[in-house]
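Dear colleague,

I am handing over the structure that we spoke about, and below it I have written out what was found in it. Please read the notes with the structure open beside them.

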Amino acid sequence: MTGASTIQTEALMSTSDLLHPDFETLADGEIRALQDHLWTAQWAYVSDRSAMYRRMFPASVGRPVTLDGLQDLPLTDKEDLRAGQEAVYPFGDYVACAEESIVRLHRTSGTTGRALNLANSRQDCDRIASIGGRAMHASGLRSTDRVVHCLNYCMWTGGVTDHMTLEAAGATVVPFGVGNTKQLLQAIRDLKITAISCTPSYPALLEKLLRDEGGPAPRDLGLRLGLFGGEAGLDNAAFRATMEETWGFGVRNANYGLSEVLSTLGSQCEATTDLHFHGSDYLFAEILDAEGNRLPIREGTVGELVCTHIEKECQPLIRYRTRDVITVTGTGRCACGRTSWRFRVSGRTDDMFNVRGINVFPSAVRKAVSSLPALSSGHFRIRLVGPGPYDRIQLRVEAAERLPGTAWPAAAAELEKAVREQAGATASVTMIPHDTLPRTAGKTDWIERVAS
């Protein structure tokens, strides 16, 4: 590392301005030097203060562990956190800070099991917001924007925490939440709002209201940017193109993250539809194969993302299994100038189901359905009867708005072919009328599980 680079990295180690552009253009070696510096202090803190990790890593407590040496430690999963929470309620035995340092409490949605209580200190909140602001800025949000935030302001992190990331990017934030869609559409026009933050499925609900009320076309509302998160689907080029054509705004997958890890750790920039990994000064990322071996972070690598906090006060995690399967799509300098590595999310290991030996992700099914907008609205449900494995993917798919009933059999056949090509498994499609399935302002659950 050059002397100038050393000075630059040391400055980053002490600065609280985490939107500093220098960090986003550091070379890999400089980023790793920063991570090693932060981890030395973090490991000493966690091994001294976290009862859970003292219990899980008894042979390592009191001894130095490097980031490369993490490979020798066990993995942590959500069940470990749930067990710790039930033993020491409400924050769990992995809490490392004093309770008086906790300034905010969130709760996970509980969609994959019992909800977790998530605690953050003032420093944690500031770091989460700053890194999220970095991600939103990368996605195109600017201080000149007025952005309406349409996620639920309840105990989950999507409301307040994502609001704070939008503010950290410098934009004027309108904290709207969900519901009152007529009022929302009026506010967009009255306040000359330029950007919207919501789930990818939410615009469909707004489109329906505009259509039913005889209102203006969506693109006439004047939005220039759509910042989306919480659901899969934006990797589908046809779905993205249809939304951009309908609304006239730029579509960005802007806040990929996990509540217990980092609310926003990845976003798309204006130069690529891949996600930048924005959190390298807060997280050390590993990608593991099915046997748990660490894989190199280089283009083409596929595996499960595992994260370790290198600077976290309240509930630090070490080798935490995100259950997200990712593909590394690029390293080195992006066309936008950032040097962070890029990736796509294939699906979740806990959402995955097996059809005749083929592992299927709901995101692959959604990509297939969304690729044929002339045949389907893009809305569907996967029906899983019993625990599996299954003989085929059973689907109910909404017909496109103007698709006549006489065309449904041919449409079903085309959709079955698309699902087979994308997901690799046989599908059985039942067409249902347009607008049959509910639209939601929150996350859409694409799977209907039925006891056998």
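T165 lies in helix α7, where helices (H or I, at least four residues) and strands (E, at least two) are DSSP runs numbered from the N terminus. Before going further, please note that this is a predicted model, in which local features need pLDDT of at least 70 and side-chain atom pairs count only at pLDDT 80 or more, while totals for chains, interfaces and linings use all residues. Residues are numbered from 1 along each chain as its sequence is written, and side-chain values use heavy atoms, with hydrogens and water left out.

T165 counts as buried because its relative accessibility is 0% (buried means under 20% relative accessible area, exposed over 50%, and partly exposed in between, with a 1.4 Å probe and protein chains only). Leaving out residues up to four places away in sequence, T165 touches I128, A129, G132, G133 and M136, where contact means heavy atoms within 4.5 Å.

How do helix α6 and α7 pack, in angle and in distance between their axes? Helix α6 (residues 122–138) and α7 pack at an angle of about 60 degrees, with their axes 7 Å apart; axes are lines fitted to C-alpha atoms, for helices over the stretch in contact, and angles run from 0 to 180 degrees between N-to-C directions. The two helices α6 and α7 are therefore oblique to each other (angles under 35 degrees count as roughly parallel, over 145 as roughly antiparallel, 65 to 115 as roughly perpendicular, and the rest as oblique). On the α6 side, I128, A129, S130, G132, G133 and M136 meet T161, M164, T165, L166 and A168 of α7. The residues of this contact divide into six nonpolar, five polar and no charged (Ala, Val, Leu, Ile, Met, Phe, Trp, Tyr, Cys and Pro count as nonpolar, Asp, Glu, Lys and Arg as charged, and the others, Gly among them, as polar).

A169 sits in the loop between α7 (160–168) and β4 (172–175), and A169 counts as buried because its relative accessibility is 11%. Apart from neighbours within four places in sequence, A169 is in contact with G133, M136, H137, L141 and S143.

Helix α11 (residues 362–370) and helix α12 (residues 408–423) pack at an angle of about 140 degrees, with their axes 8 Å apart, and that makes α11 oblique to α12. In this pair, A364, K367, A368 and V369 of α11 meet L415, A418, V419, Q422 and A423 of α12, and the residues of the contact divide into seven nonpolar, one polar and one charged.

**The nonpolar cores**

The largest nonpolar core has 44 residues, and those with the most contacts inside it are V261, L265, I318 and W341 (a nonpolar core is a set of buried Ala, Val, Leu, Ile, Met, Phe, Trp, Tyr and Cys residues joined through side-chain atoms within 4.5 Å). Helix α3 (residues 28–49) gives the largest share of this core, six residues. A second, separate core of 30 residues includes L403, A418, V419 and A423.

Y45 is also found in helix α3, and Y45 is partly exposed, with a relative accessible area of 22%. Y45 and A96 are 51 residues apart in sequence and 7.9 Å apart in space, C-alpha to C-alpha.

With best wishes
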